[in-house]
Amino acid sequence: MGNSVYFNGQIIPAEQACVSVFDSAVLHGASAFTTMLARGGRVFRLPAHLARLMQTVERLGLRNDTDAATLERACSDVLAANELADARMRITLSPGSVHGGAATTVVTAEPLPQYPHDWYESGLTVMIAPFRQNVEDPTCGYKTGCYFPRMLARQHAAAAGADEALWYTPASHLAEACFCNVFLAIEGKLCTPPLNTPVLPGIVRSAVLELARRLAIPCDDQTPLTVKEMLAAKEIFLTSSTSGIRPVARVERHGVGDEKPGELTRRLMDAYESLLAAECGPAREAT
């Protein structure tokens, strides 16, 4: 069965979904998106994804006439059309052609990738990105089509044998990874960069803070973090919607703790899996 997508109000074959060469997303990267995890036919915390997406459209002034209710139905329809229960989903909104006309709304669903087992059992190697995340950049803290610097940083990391890259600000404050939020465990306290660093208000970031408080793990999401805190951390992990919680074993040549997933990280990984099962259903069987 071929892949089907939601495109401007219709479910159609992906190959028939054509965007104008004058679309603002094509010409200027003027678009907003969100990537989501569907499991058991349900999108994890879909209302939170939609609220963040619509807020991005409003705050950045991206013309689009869709609404959250329409997008919620579209997600359900795309999963059904592709006969998918577990999926990596994405919604992309743009103002459409620079010459006017209808805005562009796309919803896609693809089979959920089989992520490497070693990511979760052995941990990642990350490096420091050669670029900086600037509070004066109006797109920082949002998911927009202006993601090429993130791709470059990821490519730079891959060329160096790393799985991800950590971004710092010009003031040398830790921000996030290319496509993930970052957490540090320092002396039993869970720390993550404040939203005004700026960083993306990740859906899984929020869920992890919620779980940590439920588990009585002290949290600090208000204090800026520097290289000093990163080097002092006994555990580091990254969070994102589709890959979940991934432990970090090394930052370049610096080993994190004993270079394997720590106790606090594993507690949160287990709690997050339980949360997914409660809200969406059990994990699929590995194949």
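Analyst: What follows is a set of questions about labels, each answered from this predicted model.

User: Let's start with T35. Why is T35 called buried?

Analyst: The cut-off for buried is under 20% relative accessible area. T35 comes out at 12%, so T35 counts as buried. You'll find T35 in strand β3. Leaving out residues up to four places away in sequence, T35 touches H49, R88, M89, R90, K143, S241 and T242.

User: What does L71 touch?

Analyst: Beyond residues up to four places away in sequence, the list is L50, L53, M54, T66, I91, L93, T105 and V107. Take L50 as an example: L50 and L71 are 21 residues apart in sequence, and their C-alpha atoms are 7.8 Å apart in space.

User: Now the other side. Why is S172 called partly exposed?

Analyst: Partly exposed is the range between the buried cut-off of 20% and the exposed cut-off of 50%. S172 has 41% relative accessibility, so S172 lands in that range. S172 is in the loop between β8 (164-168) and β9. There's a backbone detail too: S172 has a positive phi of about 65° although S172 is not a glycine.

User: What about E259, how do you know that E259 is partly exposed?

Analyst: E259 has 38% relative accessibility, so E259 counts as partly exposed. E259 lies in the loop between β15 (254-255) and α8. Phi of E259 is near 60°, a positive value in a residue other than glycine.

User: How do you know that the length of α8 is close to what's expected?

Analyst: Helix α8, residues 263-279, has 17 residues. From the first C-alpha to the last, α8 reaches 24 Å, and the expected value at 1.5 Å a residue is 24 Å.

User: Which residues of α8 are buried?

Analyst: They are L264, T265, L268, M269, A271, Y272, L275 and L276. In an α-helix there are 3.6 residues a turn, so residues three or four places apart point the same way. After α8 comes G281, whose phi is positive, near 120°.

User: Which members of the largest nonpolar core touch the most other members?

Analyst: That core has 45 residues, and L190, I236, L238 and L268 touch the most other members. There's also a second, separate core of 22 residues, with Y6, M89, L93 and V107 included.

User: How many cavities of 30 Å³ or more are there, and what makes up the lining?

Analyst: The count is 1 cavity of 30 Å³ or more. The largest cavity holds about 30 Å³ of space. A cavity is a place where the probe fits but cannot get out. K234, E235, I236, P247, V248, V256, K260, P261, G262 and T265 line the largest cavity. Strands β13 and β14 (244-251) each give two or more residues to that lining. By class, the lining has 5 nonpolar, 2 polar and 3 charged residues.

User: What about the second largest pocket, which residues are closest to its centre?

Analyst: A pocket, unlike a cavity, is an open set of points. The second largest pocket has a volume of about 650 Å³. Of its 32 lining residues, R88, R154, F179, S240 and T242 are the closest to the centre. The elements that each supply at least two lining residues include β3 (32-39), β5 (87-94) and α5 (148-159). The lining has 12 nonpolar, 10 polar and 10 charged residues.

User: One last thing: which two residues does the cis peptide bond with omega of about 15° join?

Analyst: That bond joins T197 and P198. P198 is in the loop between β11 (189-191) and α6.

Note on methods:
Residues are numbered from 1 along each chain as its sequence is written. This is a predicted model: local features need pLDDT of at least 70, side-chain atom pairs count only at pLDDT 80 or more; totals for chains, interfaces and linings use all residues. Side-chain values use heavy atoms; hydrogens and water are left out. A nonpolar core is a set of buried Ala, Val, Leu, Ile, Met, Phe, Trp, Tyr and Cys residues joined through side-chain atoms within 4.5 Å. Buried means under 20% relative accessible area, exposed over 50%, partly exposed in between (1.4 Å probe, protein chains only). On a 1 Å grid over the protein atoms alone, a cavity is a set of points where a 1.4 Å probe fits but cannot get out, and a pocket is an open set with protein on both sides within 12 Å along at least five of seven lines; lining residues have an atom within 4 Å of a point. Grid points are joined across faces, edges and corners, and a volume is the space filled by probe spheres set on the points. Helices (H or I, at least four residues) and strands (E, at least two) are DSSP runs, numbered from the N terminus. Ala, Val, Leu, Ile, Met, Phe, Trp, Tyr, Cys and Pro count as nonpolar, Asp, Glu, Lys and Arg as charged, and the others, Gly among them, as polar. The expected span of a helix is 1.5 Å times one less than its number of residues. Contact means heavy atoms within 4.5 Å.
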